[in-house]
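Q: Hi! I have a two-chain model open and I'd like to get my bearings. Can we walk through it together?

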Amino acid sequence: MNYIVVVIFLLLAAITLVSGVMVVTVKNIIHSALWLIASFIGVAALYLLMEAEFLAVVQILVYAGAVSILVLFAIMLTRHVTGEGTRMLYERWWVALLVALVLFGAVIVPTIWNQGANWDAAATAAQSSITAFGEDAAPGTAVASTINIGESFMREYLLPFEIASLLLLMALIGAIVIAFEEPTSRRRVLTLAEEHALKQRGIVEPRDAEGAVMPTIEAEQAL
Amino acid sequence: MVGSVPIAWVLTLAAALFCIGLFGALSRRNTVGILMGIELMLNSVNINLVAFWRYLQPTGTVGLVFAIFTITVAAAEVAVGLAMVIAVYRARLTINADEVDTLRG
């Protein structure tokens, strides 16, 4: 037993879980996204602890780098709907809490009380054939490294690898198509005369945080 | 790590993170918040994959490769999901999931 490793693991687990809880409970959605980055970094450190160094770097690059920035951009582009005073959760959030807790219990009971001993024995058996760090390892007896991952991507997982790249291309094109804004449908700021004309027809306009009128599609057609 | 921390602890951590993400995805009104919950759930699955790889089959690469594919699909999913959030925001001026109810019976 190496107690330093245990302490580090518990620390990382605490960071990850506390950040995760903050993500789902914090009221401000931007704070929530920042806690999400903390949670991602905790998971990356956990990968490092489990000697999956390539995956840790990928986690930092893709999740802490790209995904969180995307989330922050989406929050900023849809900013004023998340103002103060709006409800954050559904009225029946306790149903969701119940579902999550029941699922946690249903997963955790067999994990701890039934299968734990078998897994530990299997893990010990799997570790016994590994060459210790620093020694010259015979092929197939060292913990898989980045070189092995690259080789398996180019050999047995070549087809899934290509399909994954195709999926990324499709997602890229799809995201552009979905989020593309046609110039004709762009919202514009109304002049005072147009605003007055709409008010006389009894059409109520939604207003944004600064109090500027944001015409709806119906209002634009009415003009 | 392998000699000191039992695999059940890592799996417990992953299960807890999954349930936190599930709660977020089910209870948040903001669509971006729902997507963040889904990201947490995908992360916990990856923890599981890496733990099983490291503890039970450390000389193979299946667990790592599968985790990398999960990350790829999650990146694609979040890109399309956030594009849809922005499109919904343009059309409805809201991104609260309970207010986008055109298909409601």
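Q: Let's start with Ala52(A). Where is the place of Ala52(A)?
A: Ala52(A) sits in the loop between H2 and H3 of chain A. Helices here are DSSP runs of H or I with at least four residues, strands are runs of E with at least two, and both are numbered from the N terminus.

Q: Before we go on, what kind of model is this, and how is everything labelled?
A: It is a predicted model, where local features need pLDDT of at least 70 and side-chain atom pairs count only at pLDDT 80 or more, while totals for chains, interfaces and linings use all residues. Residues are numbered from 1 along each chain as its sequence is written, and chains are lettered from A and ligands numbered from 1 in the order in which they are written.

Q: Thanks! Back to Ala52(A): buried or exposed?
A: Ala52(A) is buried, because 29 other C-beta atoms lie within 10 Å. The cut-offs are 20 or more other C-beta atoms within 10 Å of its own for buried, 12 or fewer for exposed, and partly exposed in between, with C-beta atoms placed from the backbone.

Q: Which residues does Ala52(A) touch?
A: Leaving out residues up to four places away in sequence, Ala52(A) touches Tyr47(A), Val50(B), Arg54(B) and Leu64(B). Touching, or being in contact, is when the C-beta atoms of two residues, placed from the backbone, lie within 7 Å.

Q: And what about Glu51(A), where does that lie?
A: Glu51(A) is also in the loop between H2 and H3 of chain A. Glu51(A) counts as partly exposed because it has 18 C-beta neighbours inside 10 Å. Glu51(A) also has a positive phi of about 65°, although it is not a glycine.

Q: Now helix H3 of chain A. How many residues are in it, and what should they span?
A: H3(A) covers residues 53–77, so its 25 residues should span 36 Å at 1.5 Å a residue, and its end C-alpha atoms are 35 Å apart, which agrees. The expected span is 1.5 Å times one less than the number of residues.

Q: Where does H3(A) bend?
A: At Gln59(A), by about 25°. That is the angle between axes fitted to the seven residues ending there and the seven starting there.

Q: Which residues of H3(A) are buried?
A: Among them are Leu55(A), Val58(A), Gln59(A), Tyr63(A) and Val71(A). The buried residues of H3(A) pack against helix H2 (29–49) of chain A, together with H2 and H3 of chain B.

Q: Zooming out, how many helices are in chain A?
A: Chain A has nine helices and zero strands. Buried residues make up 21% of its 223 residues.

Q: How many helices are in chain B, then?
A: Chain B has three helices and zero strands. Of the 105 residues in chain B, 59% are buried. The C-alpha atoms of chain B fill a box of roughly 55 × 25 × 20 Å along the principal axes.

Q: Which residues have the most contacts inside the largest nonpolar core?
A: They are Tyr47(A), Leu55(A), Val71(A), Val32(B), Ile47(B), Val50(B) and Leu82(B), in a core of 75 residues. A nonpolar core is a set of buried Ala, Val, Leu, Ile, Met, Phe, Trp, Tyr and Cys residues joined through C-beta atoms within 7 Å. The largest share of this core, 15 residues, comes from H1(B).
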